[in-house]
Amino acid sequence: MSVAPITGPVMRVDDLHMRFKRPRSVMERLSGRPARIVHALNGVSFSVARGETLGIVGESGCGKSTLARCLVRLNTPSAGTITYDGRDVLTLAGAARRDYHRRVQMVFQDPYGSLNPRMTVRQTLTEAIQFHGLRVGGAVPERVSELLELVRLPADAAERYPHEFSGGQRQRIGIARALAVEPDCLIADELVSALDVSVQAQIINLLLELQQRLHLTILFIAHDLRLIRHISHRVAVMYLGAIVELAETETLFRAPAHPYTEALLKAAPELDPARRSVIDAVRGELPSPLALPAGCPFHPRCRYVMDRCRVERPPLEGRGAHHLAACHLEAGTLRPTAVQAEAEEPVHARIGGMP
Amino acid sequence: MNSAPQVPEPILSVRGLRVAFGTPRHELVAVDSVDFDVRPGEVLGLAGESGSGKSLTLRALLRLVRPPARVSGEVLWRGRDVLRMAEREVRGVRGGEIAMIFQEPMSALNPVLTVGTQIRENLEEHTDLDGAARQARAIELLDLVGIPAAKARIEDYPHQFSGGMRQRAMIAIALASEPQLLLADEPTTALDVTIQDQILKLILRLRRDLNMSVVLVTHDLGVIAQTCDRLTVMYAGRVAESGPVSEIFERPRHAYTLGLLNSVPRGGALRQPLSSIAGQPPSLANRAPGCAFAPRCPFVVADCSVAPPPLVDIAPMHGTACIQHRKVAQR
């Protein structure tokens, strides 16, 4: 179960860029300054194999949700290409575009915000099935019951409204809604982030089971490293709108090749109380996407920074089998388990002595 | 007494804390029979899922829970009962000896006052410093919590700070009164993991250098493992288990704690089903008569549904409210 049936890439993303223009303020208009540009995606490339789960991890503002929205064409990328099953997604129109939207479905973080509060579960599911003409007449209610069973909701859930369900159940409805149109690819954006741990586990198990049963390809977007590690075949780490590392899950977690991945892994609180550190995993905060740093986007926070990093942006390059990283460091320079050499920032003891 | 290691007296003792809403005939008890102690210099974690009453417990300690909610029980702060103090006396404790920080710094900070004003306000209330000294002290505090160029940023407004910096600013305000106890309600939940790491380590350094105690409310067991000395697990308004973090993580003695720990994915079990807890946490209005966890519990026996099991000591400073704790420990 741990090895994906690799049958060549089904989705391929090539050098995707997404820039948003910020609305200009009155002062900016009067002084004739140009609108400021948010660089949300800066050249993202990857591919996903059929039946594979690709985890996409990163902190807020790294562009992972923008990427998801571009993939389902909720946003139109500024540059770059997306191909699905060999066809250019961004130029699809008419029936072909509808078919793409049927095959690639998105499940959102907040099912309360993405389900129509004035429609019962049955109405929501029926609408989706009928729009794509997947069933007619008496076969529709049959399909609704089938879907509810698939996501393990009781049959009487069909006549109820979204507000009558708990968070975990609502997320199941969101999944049922996505599955209603018989997709072959799911894009799950922070699917379980809003749920309690015990309920999170139920939804993750459901997703794993559905993937096997329906041979789904899944893009699992999340900020929780433990979840990503658990569910993904391969993982892409994003930072400021670009993929900085992409590798098979265990490779990435055992031997990260990018300093940002290393910092992220160190910062994630470990479940073992015996293994504590007192040193900050990474210093500083995320730079603004309005003014990207020159060179490597991570260099202002990187503890391995060299002169070259400040001027030259490293490309995403091979680091061994199925392992890509965008870093100027020689392979093997990172020592994930080594103690950080930097001295702990001294906390001024003077506060206790104040009058 | 000689055989046991010397345990310092608690500075805060909570006994039988209860918070109820609704009418006396249809009472909704959100927090019930909660007992715990905080000792000098320790970090106590208060863990539980949403609706378990952990945040309400924290607020009730400082009398921040207002009528129509009814709060009863004892909150002994260095021998005095906070729940029975006069309002004037409470104001000296709240924000003074005991400070609190919140999950959403943007809604906890005043958006129309500069960060400096908000720190100086607290200094004015709780210290004897004069105006110039307050200003100097405010800059020092901002510097202490790791805000770069503190002097230049002291007259900034909260919206000019990033999420992590706002949380640092809120900690600076809390520290202004040199509190002996810091209550932290999910202080890092809204933050990214690298910023969370920085804030938690800041709290730990401050605890060490200022010899403060900390009560940290969180739903994240990883945060507990990395930060806390002792842990109190809450479920449906009651304490399920309470004890040293290392002991509980190694061998949980309550079926709920065990389920919670097993629900978190760990490395090495790639794409295997997680052991989840069936069902959902109970709603306030609909709690089982006995142990609230019984309907979801894999260890349940008939006795579990009779009355809520009391918190019993099974080791020094380690208590559990689980009839089946021996069975749980064998797992």
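A residue is called buried here if 20 or more other C-beta atoms lie within 10 Å of its own. This tour uses that term throughout, and the model it visits is a predicted one.

**Helix 7 of chain B**

Begin by selecting residues 163-175 of chain B, which form helix 7. By the criterion above, the buried residues of helix 7 of chain B are B:Gly164, B:Met165, B:Arg166, B:Gln167, B:Arg168, B:Ala169, B:Met170, B:Ile171, B:Ala172, B:Ile173, B:Ala174 and B:Leu175. Because twelve of its 13 residues are buried, helix 7 of chain B is largely enclosed by the rest of the structure. From first C-alpha to last, this helix reaches 19 Å, close to the 18 Å expected at 1.5 Å a residue.

Next, display what surrounds helix 7 of chain B. Its buried residues pack against strand 6 (98-101), helix 3 (105-108), helix 4 (115-126), helix 5, strand 7 (181-185) and helix 8 of chain B.

**The largest nonpolar core**

Now select A:Val237, A:Ile243, A:Val244, B:Ala172 and B:Val215, the residues that touch the most other members of the largest nonpolar core, which holds 190 residues. Helix 7 of chain B makes the biggest contribution to this core, with eight residues. In soluble globular proteins, nonpolar side chains tend to be buried together.

Centre the view on B:Val215. Leaving aside residues up to four places away in sequence, B:Val215 touches B:Val38, B:Leu44, B:Leu46, B:Leu58, B:Leu183 and B:Ala184.

**An open sheet in chain B**

Move to the open sheet of four strands in chain B, where the order is 2-1-4-5 and the pairing is antiparallel. Strand 2 (27-38) and strand 5 (80-81) stand at the edges with a single partner strand each, so one side of each is left without a neighbour in the sheet. Select residues 12-22 and residues 70-77 of chain B to see strand 1 and strand 4, which pair in the antiparallel sense over seven bridges. B:Arg18 can be found opposite B:Ser72 in strand 4 of chain B.

**An exposed position**

Select B:Ala132, in helix 5 (residues 131-144) of chain B. Is B:Ala132 buried or exposed? It counts as exposed, because it has 8 C-beta neighbours inside 10 Å.

**Where chain B meets chain A**

Show both chains together. Here 42 residues of chain B are in contact with 46 residues of chain A. On the chain B side, two or more residues come from each of helix 8 (193-210), helix 9 (221-227), helix 10 (245-250) and helix 11 (255-263). Helix 8 of chain B supplies the largest share, eleven residues. The residues on this side of chain B comprise 19 nonpolar, 14 polar and nine charged.

**Chain A and its strand 8**

Finally, turn to chain A, which has 13 helices and twelve strands. Of its 355 residues, 41% are buried.

Select residues 217-222 of chain A: all six residues of strand 8 are buried. A:Thr217, A:Leu219 and A:Ile221 point one way from this strand, whereas A:Ile218, A:Phe220 and A:Ala222 point the other way. Strand 3 (residues 53-57) of chain A pairs with strand 8 in the parallel sense over five bridges, and A:Val57 has A:Ala222 as its bridge partner. Strand 7 (residues 185-189) of chain A also runs parallel to strand 8, joined to it by five bridges; A:Ile187 has A:Leu219 as its bridge partner.

How values were computed
Residues numbered from 1 in each chain as written. Chains lettered and ligands numbered in written order. Predicted model: local features only at pLDDT ≥ 70, side-chain atom pairs only at ≥ 80, totals over all residues. Pairing = 2+ DSSP bridges. Contact = placed C-beta atoms within 7 Å. Nonpolar A, V, L, I, M, F, W, Y, C, P; charged D, E, K, R; others polar. Core = buried A, V, L, I, M, F, W, Y, C linked by C-beta atoms within 7 Å. Expected span 1.5 Å × (residues − 1).
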